[in-house]
Amino acid sequence: MDIAIFWLPLIGGLLLGGVAISGWYGGDKSFGLWIGFTGLILFLLVAAIQIQQFIWQNVNQPDIDLVASTQRAVLKWNPSKGEAFTMFNEGDQLPRGHWAVPKLKLKNKSTYNALDAKISWSVAPYDLRKLLESPSLQKKNIAVLPGSQVQVGNTIYDVTQRHDLPIIFITRDTDTFIPLNIWINAALFFAASLPPEPGSHSPTYFLDAVISWNIPDGGQPKRLRVKATATNMGPAGGLDDEFSALIDFEVEQRPQ
């Protein structure tokens, strides 16, 4: 539809311009003058459409950023007891084996709200079975199940590398989170890669987020990257195979 709105006035202007030239040099200069004037109006209409499209797509649009929470994420695990991961946010109190996914905030710097929005989360594809061959995870009550599931202790997690998180609307300040089936990828990565020495740091884990909305229409999606790094806080309960990690986040913009 947008293509038709642009090309129909342009083609009409070109055709009328040709008719105007023929009329001017064919002897009917009044006819050529008014046909040319009509063609000029159509060319101006094309210019106005282009300016209006620019306004819709760039000016009257939300300006959204994703901001890491001041609360760091916590990951604890005692595989010798057959436990699942305990995941929560720093400052929260949860029983062992329970979880709360990392919190983030959406900041809208525009006066225009985004409606019918979503965040498309993704992580780089990897071989889950190969990851679990890490010496840190061998014989630790972890198993890959059919259907993109992983069993940790007695708990089964869905593990996906892409997930769309619907958001009804994004105002000036909107809470959001990393979905569990995406975050469990990071938890497994940190459990496999975090060095055993207290105070040591893991390699950085990357999560991509694409924020898009349908109202107002024509907006360009915001592409962001969340970088997560874990710090080993030492054995959570004094056992050698038990650990506690704090995860810090940083958000950066990806090329559009």
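This report describes the strands, sheets, salt bridges and surface of a predicted model.

## Basis of the model

Local features of this predicted model are reported where pLDDT is at least 70 and side-chain atom pairs only at pLDDT 80 or more, whereas totals for chains, interfaces and linings use all residues. Residues are numbered from 1 along each chain as its sequence is written, and side-chain values use heavy atoms, with hydrogens and water left out.

## The seven-stranded sheet

Seven strands form an open, antiparallel sheet in the order β3-β2-β13-β12-β11-β5-β9; strands (E, at least two residues) and helices (H or I, at least four residues) are DSSP runs numbered from the N terminus, and two strands pair if DSSP finds at least two bridges between them. The edges are held by β3 (86-89) and β9, each of which has a single partner strand, so one side of each is left without a neighbour in the sheet. On average, and with direction ignored, neighbouring strands of this sheet are turned by 25 degrees against each other, where axes are lines fitted to C-alpha atoms, for helices over the stretch in contact, and angles run from 0 to 180 degrees between N-to-C directions.

Within this sheet, strand β11 (residues 205-215) has eight of its 11 residues buried, so it is largely enclosed by the rest of the structure; buried means under 20% relative accessible area, exposed means over 50%, and partly exposed lies in between (1.4 Å probe, protein chains only). Strand β5 (residues 114-122) pairs with β11 in the antiparallel sense over seven bridges, and S122 stands opposite D208 of β11. Seven bridges also join β11 to the antiparallel strand β12 (residues 222-232), with I211 having K222 in β12 as its bridge partner. β11 and β12 form a hairpin with six residues between them, and G218 in the turn has a positive phi of about 85 degrees. Strand β12 is in turn joined by nine bridges to strand β13 (residues 243-253), which runs antiparallel to β12, and the bridge partner of L224 in β13 is Q253.

Helix α4 (residues 180-193) lies across β2 (73-77), β3, β5, β9, β11, β12 and β13, and runs at about 170 degrees to β11.

## The three-stranded sheet

A further open sheet consists of three strands in the order β1-β4-β10, with antiparallel pairing. Its edges are β1 (64-68) and β10 (173-177), each with a single partner strand, so one side of each is left without a neighbour in the sheet. β1 pairs with strand β4 (residues 103-108) in the antiparallel sense over five bridges, and L66 stands opposite L106 in β4.

T176 has its place in strand β10 and, at 6% relative accessibility, counts as buried. Leaving aside neighbours within four places in sequence, the contacts of T176 (heavy atoms within 4.5 Å) include L66, L104, L106, I119, L165 and I167.

## Salt bridges

Side chains of opposite charge can pair when their charged atoms come close. A search of the whole structure finds 11 salt bridges, each defined as a side-chain nitrogen of Lys or Arg within 4 Å of a carboxyl oxygen of Asp or Glu. One of them joins D173 and K107 (3.1 Å, N to O), linking distant parts of the chain, since D173 is in strand β10 and K107 in strand β4, 66 residues apart. D173 is partly exposed, with a relative accessible area of 41%, and K107 is likewise partly exposed, at 31%.

In another pair, D164 forms a salt bridge with K118, the closest N and O atoms being 3.7 Å apart; D164 lies in strand β9 and K118 in strand β5, 46 residues apart. D164 counts as partly exposed at 43% relative accessibility, as does K118 at 34%. The side chains of K227 and E250 also meet in a salt bridge (3.9 Å, N to O); K227 lies in strand β12 and E250 in strand β13, so the pair ties together parts that are 23 residues apart in sequence. Salt bridges that share partners join K105, K107, D173 and D175 into one network.

## A nonpolar surface patch

L115, I168, F169 and I215 form a nonpolar patch on the surface, with about 410 Å² of accessible area together. Patches are made of residues with over 30% relative accessible area and no salt bridge, like charges being joined within 9 Å and nonpolar side chains (Val, Leu, Ile, Met, Phe, Trp, Tyr) within 5 Å; accessible areas come from the Shrake-Rupley method with a 1.4 Å probe, and for residues only the protein chains shown count as cover. I168 has its place in strand β9 (residues 162-170) and is exposed, with a relative accessible area of 69%.
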